[in-house]
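Student: Please take me through one part of this model closely. I would like to see what surrounds it, and then how the rest of the chain is arranged.

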Amino acid sequence: MASTSAAHTAVPASQPPAAHKSPVPMRPAFKPSRRKTALTSPVAYLFVFPALAIFTVFTIGPTIYTFVISAFKWNWLNTSQNKFIGLKNYQDLVTGAIDPPFWSTLGTSAYFVVAMVVGGTVISLPLALLLQQASRVFVAARAAVFLAHVTPLVATSIVWVWIFNPRYGLANLVLSWFGIGNIDWLGNSQFAMPAIIIYSLWHEIGFITVIFLGGLATLSGELSEAAKLDGCNAWQEFWHVTFPQLRPFILFVVVISSVSSLQAFTQFFMMTSGGPGFDTATLGFQLYQQAFVFRKTGYAAALAVVLFGITVALSIVQLRSTRSIDTPS
Amino acid sequence: MSQHAFSRRNFMHAAAATSVMAAAAAALTACGGGSSAASTSSQSVPADSNEPATIVFMEAMSSGAQKEALAKMTADFMAKYPNIKVDLQEQPDYGTLQTKINAQAAAGTPPTIAQVYGNWADEFAKSEVIVPLDAYVAKSDDYKNFYDGIKADLKLSDGKTWMWPFNKSVVVQYYNSTMVPEAPKTWDDFAAAAKKASTNGVVALAIDPGSSSGPAGGTAMFEILAQANGDAVFADDGTPQFTKDGVVKALDYLVDLKKAGALVLGTKYPGQVALGGGTGAFDISSVASYPFNLKAVGGKFTMGVAGLPSGPKGTANQLAGTNIALFAKATDAEKAAAWKYMQFLTSPEQMAYWVSMTGYLPVSKTTLDVQTFKDYAAKNAFVLEATKQLDNAKSLPSKSWVNQASGSLAQALTDAVNGTSSSKDALSKAQDAATKAMKAAS
């Protein structure tokens, strides 16, 4: 085998002798050698440089800059008036000195994230099981479900504001058929967040369903057939055969839903402006409101650093879940 | 090739260090530089050199008659002064306008002039990005003819004049004359008429309180009611005083209307939508809503317009709309050109045209003598009544925290009207939040 012989010649002198003695690890010995050559070549960095430069200017630089701003009482109109205040913005954050208190914002975010993750998974998984059949009707249904996800958030948010209109909205019309009186969906503290969650689920379940459909397509049919032969009913087959195989996909959905829900902004901006009061002011919305409405740029930067930390933690979980999808047990 | 000369680790370290240095350099530059203070020339009126100049006017007159009228006035100005080019940079709404001005000022490239609210101007003045106009107004003949309320509105708490008037309005009542034959004269009459009209699916009044990000018309109406009861929601220095008797009574008044089925809260101009759709009897809104309300009604019935009812302590109103601020970064030639343009917009002839097209109010008394205005007022008698209020109407104090504090008031209004809190408790909570906002801003 050509590749095997090449591997022999490419093994560096520093490679432990055991690697040469083993008859099997020829490919592993070949891989690091080639990778190392690529990474030590200045030409390779020349190719990477444009992307890295853009990433540095538009992502890494601003991220570091955000950390800097969070240590200042920042006046963006006249930066000569900026004042270094160290960790004061973080202190305000922990003590709740600024309205709305940080812990309350975190609670509002958690409410939205949990509802989106649980709701999205619970609705999308049965939907995917239903739509996995390959008939024309179900393929059309898949497209229909996914269609909501590709609609623009701004435009559909405005449509849903009218659906939730307390006097003329479709939502209250439907409720009136069941004898339920008018609800001020977006103006009432109790209903504002559920209303936004309903809209957000409508927008997101198409995407999650497609991920589950992809997962279902990779499952082993033999295990299901064996379960049926052993007398399993549909529920037992799902719970004991299908569901365990889907776990990596469920974990993936949980992580990406958490990250995207944490960073959600448009629907809050368009539908409630964070209100009533601060009842729908999540962490993502608060960044905007503190920086651009209340002009507390330094405090907003501190919020951004916290959001960054949470997102990094979730991204690590996401990376691990992706690996577990690549290498299913 | 030596691996030590260019290792991946070295490269990544170099990239990271470069990023940190770039950010640190940017931060240091930002800390040390920034917008310069108003130049010496900004303290006096630059000489009119008739040099060619291009000025940028950032504004939010982006639709309907407002857009059309401003475009024509600007074209007329450029025809009169061919050496001056005015670049109208229109924004879709005031929120976007504020964001754009801030972004450009932060980048060191603000417009020459822009529409601003008083609380924006307060922040701009403190940050030294706009120039005071005292020296300018001292030389203006038109300024002397401005209504007293307008003159007061151009000043900030330091007593200096920082703005020049543009689109000013007060609040009036629009009503469906089929449901309400005659405009109520007092707020008690208004409540009685509203309750009487609220039958067969009609809810007489729909208002939008706004949100924590900013109050809307419903909160403005509440603030006017409180003032008519003898207690302004803010003291002159901007201190919130939401728990005063007159304020609590104003909120109780709205709660009572809600309980009687004569009031509903909504968003996106709910009063205009309901009045136009025949499901509302009143819309309490700015006089500048006139063309929009007429369009919403569409000739289905006769829409009456009248001044606001009076309360126990007389008639109260709120001066609304924006002024124009001149930015410090402009060159002397641009400042001189901008000053000419600002004066042109408020000259009696131009102002009369502006009023007749948009429904805004004339800022100077001499405008009332122009034939265009006389013709307009002959068809719309309410304009004269509304204009009289320009001597007394006051806008909210020009303090940077007032918008956030009014957001707390909007929340109190929502809570009390929805029945989740008593008027007193809701206002007490709002007072605490507003005081917190004031302290944080100070």
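Tutor: Strand 4 (residues 164-169) of chain B and strand 12 of chain B run antiparallel, joined by 5 bridges. Strands here are DSSP runs of E of at least two residues, helices are H or I runs of at least four, and both are numbered from the N terminus. Two strands pair if DSSP finds at least two bridges between them. One bridge links Asn167(B) to Thr322(B) of strand 12 of chain B.

This is a predicted model: local features need pLDDT of at least 70, side-chain atom pairs count only at pLDDT 80 or more, and totals for chains, interfaces and linings use all residues. Residues are numbered from 1 along each chain as its sequence is written, while chains are lettered from A and ligands numbered from 1 in the order in which they are written.

Strand 12 of chain B also pairs with strand 3 (residues 113-116) of chain B, in the antiparallel sense, over 4 bridges. There, Ile113(B) has Leu326(B) as its bridge partner. Strand 12 (residues 320-326) of chain B is mostly covered, with 7 of its 7 residues buried. Buried means 20 or more other C-beta atoms within 10 Å of the residue's own, exposed means 12 or fewer, and partly exposed lies in between; C-beta atoms are placed from the backbone.

Now the domains. Chain B is assigned domain 1 (45-168 + 320-387) and domain 2 (171-318 + 401-441). The bounds come from an automatic or database domain assignment. Taken over C-alpha atoms, the two domain centres in chain B are 29 Å apart. In chain B, 12 residues of domain 1 are in contact with 14 residues of domain 2. Contact means C-beta atoms, placed from the backbone, within 7 Å. Helix 16 of chain B gives the most to the domain 1 side, with 3 residues.

Next, a helix pair. Helix 9 (residues 217-228) and helix 17 (residues 402-417) of chain B pack at about 90°, axes 10 Å apart. Their contact includes Phe222(B) of helix 9 and Leu409(B) of helix 17. Axes are lines fitted to C-alpha atoms, for helices over the stretch in contact, and angles run from 0 to 180 degrees between N-to-C directions.

Helix 17 of chain B also holds Gln411(B). Gln411(B) counts as buried because it has 27 C-beta neighbours inside 10 Å. Leaving aside neighbours within four places in sequence, Gln411(B) is in contact with Pro276(A), Gly277(A), Ser212(B) and Ala430(B).

Notes. Two residues are in contact if their C-beta atoms, placed from the backbone, lie within 7 Å.
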